[in-house]
Amino acid sequence: MRELKTNSMLFLAAVVLLTASCAKSSSAPEAPASQENTEEITSYLASQGFDQKQIVFEDDRVIVEKDIILTRAELQQRIADWKTATTEQRRHNYIVSNSYNSNITIYIDPAVPTAWRTAIQGAVNNWNAVPSSRLGMSIVSSQSAAHCRVFMGFQSANWIARAYLPASNGRPGVSVEINSNYNSLPASQKLFAITHEFGHTIGFHHTNQTSGIHIAGTPTSDPNSVMNSFVLNWNGFTSADVLATQILYPN
Ligand SMILES: [Zn+2]
């Protein structure tokens, strides 16, 4: 998203927003507080449908679409509500077809550090442990045999990792990119982040944003879902995460 900021084609930006999603850190110690705040406000406004290219930051206020003024204090309140209020299981229009969903193969690039490999294996184990679901994943040693590739990237930004959603042909999202800016993240948050990214590769959208489609039959409040876009310590799937997985990928 951010690297396409200067592109004049709004449409292209929208497509990337739908195909690449990310687990975000809500506290980046490396970043100055104002910068972090700016990114969070940008994420919030984008989720509300405002064009990111038309957000102007001034001292104590933010101007959107040239003439709408929002105070930073008001925005902070809205963001706090946004993070917790509407949290429900949401899916992409495409999910992984039965040709692939019982054994999604994952290749880990050699440059991925050990601590992230541990998180990747843990995330595979998490998804495989969902009961009464045909969903299955495994790590393979050959890239050519893999549906999804996990690799390292770097950006001085507040995304920890990002992934592709499933394609229209029923294949899982093709890659997960990990931001080496977050190599020092605690192990529990690494595990949450990678479990979250694999969630995108099998078709889950964020529970705290409005893209995607509500998964009928799942509750409309699920603040601790693995698909919340803000990273948490891994504490297991919520019951709604499990239910949503069973609905998308029944036995
Ligand atoms: Zn995400």
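## Basis of the description

The model is predicted: local features need pLDDT of at least 70 and side-chain atom pairs count only at pLDDT 80 or more, whereas totals for chains, interfaces and linings use all residues. Residues are numbered from 1 along each chain as its sequence is written, and side-chain values use heavy atoms, with hydrogens and water left out.

Helices here are DSSP runs of H or I with at least four residues, and strands are runs of E with at least two, numbered from the N terminus.

Beyond its neighbours within four places in sequence, I202 is in contact (heavy atoms within 4.5 Å) with I95, V96, I104, W127, L135, M137, P166 and Y249.

## Aromatic and charge-ring contacts

Rings of Phe, Tyr and Trp (its six-membered ring) pair if their centres lie within 6.5 Å; planes under 30 degrees apart count as stacked, over 60 as edge-to-face and the rest as tilted. The whole structure holds 4 aromatic pairs. In one of these, W127 and F237 are tilted, with 4.7 Å centre to centre and 55° between the planes. This pair links distant parts of the chain, 110 residues apart: W127 lies in helix α4 and F237 in the loop between β11 (213-214) and α6. Both W127 and F237 are buried (under 20% relative accessible area; exposed is over 50%, and partly exposed lies in between, with a 1.4 Å probe and protein chains only). W127 and F237 also belong to one aromatic cluster with F192, F204 and W234.

A charge sits over a ring if NZ of Lys or CZ of Arg is within 6 Å of the ring centre and within 35 degrees of the ring normal. The charged end of R162 is placed over the ring of W159, 3.9 Å from its centre. K190 lies over the face of W116, 5.1 Å from the ring centre.

## Strand pairing

Strands pair if DSSP finds at least two bridges between them. Strand β8 runs parallel to β6, joined by 3 bridges, and parallel to β10, joined by 5 bridges. Y107 stands opposite R149 in β8, while M152 has I178 in β10 as its bridge partner.

## Salt bridges

There are 6 salt bridges (a side-chain nitrogen of Lys or Arg within 4 Å of a carboxyl oxygen of Asp or Glu) in the whole structure. One of them joins R90 and E88, at 2.4 Å from N to O, and both residues are buried. Another joins R149 and D109, with the closest N and O atoms 3.3 Å apart. Because R149 lies in strand β8 and D109 in the loop between β6 and α4, this bridge ties together parts that are 40 residues apart in sequence. R149 is partly exposed, at 28% relative accessible area, whereas D109 counts as buried at 16%.

R162 meets E177 in a further salt bridge (3.0 Å, N to O). The two residues are 15 residues apart, R162 in strand β9 and E177 in strand β10.

Most residues other than glycine have a negative phi. E65, in the loop between β3 (61-64) and β4 (68-71), has a positive phi of about 50°. S132, in the loop between α4 and β7 (137-140), likewise has a positive phi of about 50°.
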